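Thanks for passing this one along. Here are a few notes to read with the model open beside you.

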Amino acid sequence: MKINIYTDGSYTPKTPDYAGYGFVLVTDDDKKIGEGYGQAPATSRQILGELASVMRSCLLALDLGYTEIIIHHDLEGTANWANGTWKRKNKGTQDYYSFMNDKIRKHASVNFTWVKGHNNNKWNDYVDALANQGRITEEHVVTKF
């Protein structure tokens, strides 16, 4: 089974300790079946939020039985760190690479599609709002709308 996942991270100096993350799972016929948001350490501004959104959403997709995952993201590093095409210079990107390759890709195929952020993409705008909510709210996940 195939699922599209839109992911995003958020950071502001107003909440310097935490980045937010947000994600939504969407079927090919544009039906939302799950979403989540929460906080990640802001050691690299929004980057750990971006990566947390991918990791959390992939776990949810696996739990729901999806074996083909397409990640739609607006941060170039999201795909490059997972695929090993960029060097992983800090613990966060190293852990992300290991997680995606040792845990997720053992159970599902994962592909990445870059989308331009803040460009009127319905689901990218949606997860941007979730990531902003995540900066100020503890983890929240809803599935099976």
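Buried here means under 20% relative accessible area, exposed over 50%, and partly exposed in between, with a 1.4 Å probe and protein chains only. This is a predicted model: local features need pLDDT of at least 70, side-chain atom pairs count only at pLDDT 80 or more, and totals for chains, interfaces and linings use all residues. Residues are numbered from 1 along each chain as its sequence is written, and side-chain values use heavy atoms, with hydrogens and water left out.

1. Let me start with Leu25, a residue of strand E2. Helices (H or I, at least four residues) and strands (E, at least two) are DSSP runs, numbered from the N terminus. Leu25 has 0% relative accessibility, so it counts as buried. Leaving aside neighbours within four places in sequence, its contacts (heavy atoms within 4.5 Å) include Ile3, Ile5, Ile33, Leu60 and Leu64. Ala61 is also in contact with Leu25; the two are 36 residues apart in sequence, yet 7.7 Å apart in space, C-alpha to C-alpha.

2. How do E2 and E3 pair? Strand E2 (residues 18–26) runs antiparallel to E3, with nine bridges between them; pairing requires that DSSP finds at least two bridges. Within this pair, Tyr21 sits opposite Gly38 of E3. The hairpin has five residues between its strands, and Asp30 there adopts a positive phi near 70°. E3 itself (residues 32–41) has seven of its 10 residues buried, so the rest of the structure largely encloses this strand.

3. Helix H2 deserves a look too. Six of its eight residues are buried, so H2 is largely enclosed by the rest of the structure. The buried residues are Gly77, Thr78, Ala79, Asn80, Trp81 and Ala82, and they pack against helix H1 (47–63), strand E4 (68–73), H3 and E5. Just after H2 comes Gly84, with a positive phi of about 80°.

4. Now the packing of H2 (residues 76–83) on H3 (residues 91–104): the angle is about 65° and the axes are 8 Å apart. Axes are lines fitted to C-alpha atoms, for helices over the stretch in contact, and angles run from 0 to 180 degrees between N-to-C directions. H2 is therefore roughly perpendicular to H3, given that angles under 35 degrees count as roughly parallel, over 145 as roughly antiparallel, 65 to 115 as roughly perpendicular and the rest as oblique. The crossing is right-handed; that term applies if the near helix is turned clockwise from the far one by less than a right angle, and left-handed if anticlockwise. On the H2 side the contact is made by Thr78, Trp81, Ala82 and Asn83, and on the H3 side by Thr93, Tyr96, Tyr97, Met100 and Asn101.

5. Among the residues making the contact are Leu51, Met55 and Leu62 of H1, along with Tyr96, Phe99 and Met100 of H3.

6. Last, is Asn119 buried, exposed or partly exposed? Asn119 is in the loop between strand E5 (109–114) and helix H4 (122–136). Its relative accessibility is 44%, so it counts as partly exposed. Asn119 lies 50 residues from Ile69 in sequence and 23 Å away in space, C-alpha to C-alpha.
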